[in-house]
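Please read the numbered points alongside the sequence and the model.

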Amino acid sequence: YSMGTTQPIRNKDELAAFRMYYKDIHPNRRNYCLIVMGLNTALRISDLLRLKWDNVYNFEHHEFIFTKNTCRYQPISRTQAYRIVKTAAGKTVQDEHISCHSLRKTFGYHAWKNGTPPALLMDVYNHSSYEITQHYLGIEQDERDEIYLKLEL
């Protein structure tokens with residue numbers, strides 16, 4: 001993979017610290033929920049920011065979930081979402097190539113590591129080819145090597 005591209009958070013300890021940053025270190029319910037939902041849904045940040053309460057719960061509540069502190073009827077901007085992710089990542093993750101897109105990539109990376117078939121992830125991501133998904137997940141050379149090291153036929 002190219003070092004300049006957004007990366008998934010591969011290290012489980014860093015991922016746990018990143019996920020908990022806005023719960024334990026710098027408490028902020030909105031920011032915590034944004035990160036947890038991003039990590040667990042594989043949604044693009046633009047789709048995440050457009051989510052309304054009635055998309056998640058079965059009741060008449062048409063407000064956005066991730067709203068600005070200054071205006072409860074407007075979702076936060078992509079720039080603000082980026083700042084939220086970068087701040088938490090800066091304090092918890094070694095890799096500096098972490099952005100909003102890392103949430104989506106982290107979901108797929110760990111799903112893949114836990115045995116989810118890449119073809120299924122390709123469908124979840126709505127990718128047009130397996131190559132895109134493979135590149136997207138950042139399946140690294142050392143992980144390819146691991147296959148040969150573990151296999152004894």
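Which residues have the most contacts inside the largest nonpolar core?

1. Basis of the note. This is a predicted model, in which local features need pLDDT of at least 70 and side-chain atom pairs count only at pLDDT 80 or more, while totals for chains, interfaces and linings use all residues. Residues are numbered from 1 along each chain as its sequence is written, and side-chain values use heavy atoms, with hydrogens and water left out.

2. The largest core. Phe-18, Leu-34 and Ile-35 have the most contacts inside the largest nonpolar core, which has 24 residues. Such a core is a set of buried Ala, Val, Leu, Ile, Met, Phe, Trp, Tyr and Cys residues joined through side-chain atoms within 4.5 Å. Buried means under 20% relative accessible area, exposed over 50%, and partly exposed in between (1.4 Å probe, protein chains only). At least two residues of this core come from each of helices H1 (12-25), H2 (29-41), H3 (45-50), H5 (78-92) and H6; H5 gives the most, with five residues. Helices (H or I, at least four residues) are DSSP runs, numbered from the N terminus.

3. The second core. A separate core of nine residues includes Ala-42, Ala-111, Tyr-125 and Leu-137.

4. Phe-18. Apart from neighbours within four places in sequence, the contacts of Phe-18 (heavy atoms within 4.5 Å) include Ile-9, Ile-35, Leu-39, Val-85 and Leu-103.

5. Helix H7. In H7 (residues 118-125), the buried residues are Pro-118, Leu-121 and Tyr-125. They lie on the same side of H7 because they cover an arc of only 55° around the axis, taken from the directions from the helix axis to the C-beta atoms. An α-helix has 3.6 residues a turn, so residues three or four places apart point the same way. The buried residues of H7 pack against helix H6 (100-113) and helix H8 (130-137), whereas the face turned away from the buried side carries the exposed residues Ala-119 and Asp-123. After H7 comes Asn-126, with a positive phi near 60°.

6. Ile-65 and Val-56. Ile-65 is placed in the loop between H4 and H5. Ile-65 counts as buried because its relative accessible area is 12%. Beyond neighbours within four places in sequence, Ile-65 is in contact with Leu-51, Lys-52, Trp-53 and Val-56. Val-56 itself belongs to helix H4 (residues 53-56) and, at 42% relative accessibility, counts as partly exposed.
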